[in-house]
Amino acid sequence: MNGTQSQLNFLPEQFTDFIFSVFSEEWGFIGSVVLLSIYLILILKGLSIALKAKDKLGRLIAVGIVTILVVQMFINVGVTTGLCL
């Protein structure tokens, strides 16, 4: 694609930590909102699975997976947008 920030190497690690900024540059605001909406749907589905789990171990596994996803998403999006250091 033809994003100026990623093509001119202004983003130090565009295929690792800065994937959200490259995606946002290429797809724009609507693409970013769609991606964050997909993340939200995935998180809500995981929490729904955790609530429907019949035993404690299933609940803990589902909440653990959702927690890992939320932390990674927050770090990735937060660092690239400047919300967290």
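## Surface and overall make-up

How much accessible surface does the chain have, and what percentage of it belongs to carbon and sulfur atoms? The accessible surface of the chain comes to about 6400 Å², and 72% of that area belongs to carbon and sulfur atoms, where accessible areas come from the Shrake-Rupley method with a 1.4 Å probe and, for residues, only the protein chains shown count as cover. This is a predicted model, in which local features need pLDDT of at least 70 and side-chain atom pairs count only at pLDDT 80 or more, while totals for chains, interfaces and linings use all residues. Residues are numbered from 1 along each chain as its sequence is written, and side-chain values use heavy atoms, with hydrogens and water left out.

The chain has 3 helices and 0 strands, which gives the pattern α-α-α when it is read along the sequence; helices (H or I, at least four residues) and strands (E, at least two) are DSSP runs, numbered from the N terminus. Of its 85 residues, 27% count as buried, a word that stands for under 20% relative accessible area, with exposed meaning over 50% and partly exposed in between (1.4 Å probe, protein chains only).

## Helix H3

Helix H3 covers residues 56-81. Its 26 residues, at 1.5 Å a residue, should span 38 Å, and its end C-alpha atoms are 37 Å apart, which agrees; the expected span is 1.5 Å times one less than the number of residues. Just after H3, Gly 82 takes a positive phi of about 85°.

The buried residues of H3 are Ala 62, Val 66, Met 73, Asn 76, Val 77, Gly 78 and Thr 80, and what covers them includes H2. Val 79, which also lies in H3, is partly exposed because its relative accessible area is 36%. Although Val 79 and Phe 20 are 59 residues apart in sequence, their C-alpha atoms are 9.5 Å apart in space.

## The nonpolar core

The largest nonpolar core consists of 5 residues, namely Phe 20, Ile 43, Val 66, Met 73 and Val 77. The elements that give two or more residues to this core are H2 and H3, and the largest share, 3 residues, comes from H3. Such a core is a set of buried Ala, Val, Leu, Ile, Met, Phe, Trp, Tyr and Cys residues joined through side-chain atoms within 4.5 Å.

Leaving aside its neighbours within four places in sequence, Val 66 is in contact (heavy atoms within 4.5 Å) with Ile 43, Gly 46 and Leu 47.
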